[in-house]
Amino acid sequence: MKILIDNSGYELKNHGDLAMLVVIASRFHQRYPDAQIQILTVNPTRLKEIIPYAIPIDIDGRKLWSYAWNIIGAVHKIFPLSMHYWLQQQEALFKIKYSNISRRWIERRLRQRNYKVEQMSAFLDVVQQADIVIASGGGYITDSFEGLACNVLQTLALAQSYHKPTAMFGQGLGPVDSKKISFWAGQVLPKLHSLSLREGIYSKKFALESGRELEEIKVTGDDAIGLAYSMKPKNLGRKIGVNLRLASYSGVGNEALERFSFILEEVGKRIGAELCAVPISFHEGDSDYSSLQKILTSKQIKNREQLDTPEKIIQQVGECRIVVTGSYHAGVFALSQGVSVVAIVASNYYRHKFDGLAQQFEVGCQVVDRMAINFNDDLKTAIYKAWEDADLMRPSLLEKAIEQVSLSEEVFNKFADICHK
């Protein structure tokens, strides 16, 4: 059996994406120990370090297949610009519906232009020969990641054209205004054999708008919960975990650094708690590690080698009593271990994430709006409350973690049963 897993982080530098990928790959590996677990990546060495049994699949071949005007070429120029979006859609649909004919035509055209088509052919072979094609969890079906979202959805659409069982697990869907994403979601989501969501406030609405039937939508929580819960400490720690995401999609920029540093130092001294870094992203463009280096001391942030796997980050979170975070998976890793969270939001993207996460756990996750006039006071108040109530919140948080893990495993097992028939 061959199982192809698309995912949300091909460079494998985001520990939240990695944790979800590890969990879903592990489930397939346990269910089908002799299966080939194929995973799309640009970093095969890193993949083998994290998931030794995985088979890396290069994504460069998909890039060639996805080029616009691969079929009609320069003919598109005779049409007005107002028609180009529609033409691209029709070309992409043609490639999927008539993939074998399209493949031969595109290979011929690319060879004439001196492209090496072997990688594209290899990618198409992987999809066609797979027995199962799935997308692991993530928050990539959103405007900020339009290119990735469309690529993942089109890969699933191609697999569906070959009549492969397809699924998307642990998804956070939206916010979406992009016509391209909405179009491909409408093509793919109704045909999935399984769709599970990590929250039900926003993602369920988008799934319904995309044509998915209500009874076919399951809200299971984030797939990384199982990994974090399995590593929970016996008792709460005494540290304040800190995460800060500076990125276009987070709404937090460099001007916030000094402000956060001052507030955290003040509350840390008043409580008598040590601050510690819990970075999630190590990407150059949105590195939590780089941001935290600017507001924490070298004593409060470990070196990269000490934080280079999801498990190491989860263990660091487990040393905390509370976590103050601007990125989603630091919150997931905390709540799943019974550690209360203060979440800072400054964009709709993160409001969707944290509102949904707060609803899933019901208690222990306070969402603070960075754009509020009284943000400084609101944040301090939330931190003091989280610290004071942490012991009281923990049993409920752990109970909710167990519930979500159970739901996630149930949905996976039902999908695996379908694939086994």
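Analyst: Happy to. Let's start with a definition: buried means under 20% relative accessible area, exposed means over 50%, and partly exposed is in between, using a 1.4 Å probe and protein chains only. This is a predicted model, so local features need pLDDT of at least 70 and side-chain atom pairs count only at pLDDT 80 or more, while totals for chains, interfaces and linings use all residues. Residues are numbered from 1 along each chain as its sequence is written, and side-chain values use heavy atoms, with hydrogens and water left out.

User: Thanks! Is Glu362 buried or exposed, then?

Analyst: Glu362 counts as exposed, because its relative accessibility is 56%. Glu362 sits in the loop between helix H15 (348–361) and strand E13 (365–369). Helices (H or I, at least four residues) and strands (E, at least two) are DSSP runs, numbered from the N terminus.

User: What is the phi of Glu362?

Analyst: Glu362 has a positive phi of about 70 degrees, although it is not a glycine. Most residues other than glycine have a negative phi. Trp69 is another residue other than glycine with a positive value, its phi being near 65 degrees. Trp69 lies in the loop between helix H3 (60–66) and H4, and Trp69 counts as buried because its relative accessibility is 14%.

User: Which peptide bond is cis?

Analyst: The one from Gly174 to Pro175 is cis, with omega near 0 degrees. Most peptide bonds are trans. You'll find Pro175 in the loop between strand E6 (166–173) and H8.

User: Let me zoom out. How many helices and strands does the chain have?

Analyst: The chain has 16 helices and 13 strands. Its radius of gyration is 22 Å, close to the 22 Å that the globule rule gives for 421 residues, so the chain is as compact as a globular protein of that length. That radius is taken over C-alpha atoms, and the globule rule is 2.2 Å times the number of residues to the power 0.38. The C-alpha trace spans about 70 × 50 × 40 Å along its principal axes.

User: And what share of the residues count as buried?

Analyst: 59% of the 421 residues. As for contacts, which means heavy atoms within 4.5 Å, residues 24 or more positions apart account for 73% of those with a separation of 6 or more.

User: How many residues of H14 are buried?

Analyst: Eight of its eight residues are buried, so H14 is mostly covered. Ala330 is in H14, which covers residues 328–335, and Ala330 has a relative accessible area of 0%. Leaving aside neighbours within four places in sequence, Ala330 is in contact with Asn243, Val278, Ile280, Val323 and Thr325.

User: What about His329, what is it in contact with?

Analyst: His329 is also found in H14, and it is buried at 6% relative accessible area. Beyond neighbours within four places in sequence, its contacts are Gly16, Met20, Arg198, Asp222, Ala224 and Ile280.

User: Where is Ser327?

Analyst: Ser327 is in the loop between strand E11 (320–325) and H14. Ser327 is buried, with a relative accessible area of 1%. Among its contacts, neighbours within four places in sequence aside, are Asn243, Arg245 and Asp288.

User: New topic: helix pairs. At what angle do the axes of H4 and H8 cross?

Analyst: The axes of helix H4 (residues 84–97) and helix H8 (residues 179–188) cross at roughly 30 degrees and come within 12 Å. Axes are lines fitted to C-alpha atoms, for helices over the stretch in contact, and angles run from 0 to 180 degrees between N-to-C directions. H4 and H8 are therefore roughly parallel to each other. Angles under 35 degrees count as roughly parallel, over 145 as roughly antiparallel, 65 to 115 as roughly perpendicular and the rest as oblique.

User: Which residues in H4 meet H8?

Analyst: From H4 they are Tyr85, Gln88, Gln89, Ala92, Leu93 and Ile96, and they meet Lys179, Lys180, Phe183, Trp184 and Gln187 in H8.

User: How do H6 and H7 lie to each other?

Analyst: The axes of helix H6 (residues 118–129) and helix H7 (residues 146–161) come within 9 Å and cross at roughly 55 degrees, and H6 and H7 are therefore oblique to each other. Phe123, Leu124 and Val127 of H6 make the contact with Thr155, Leu158 and Ala159 of H7.
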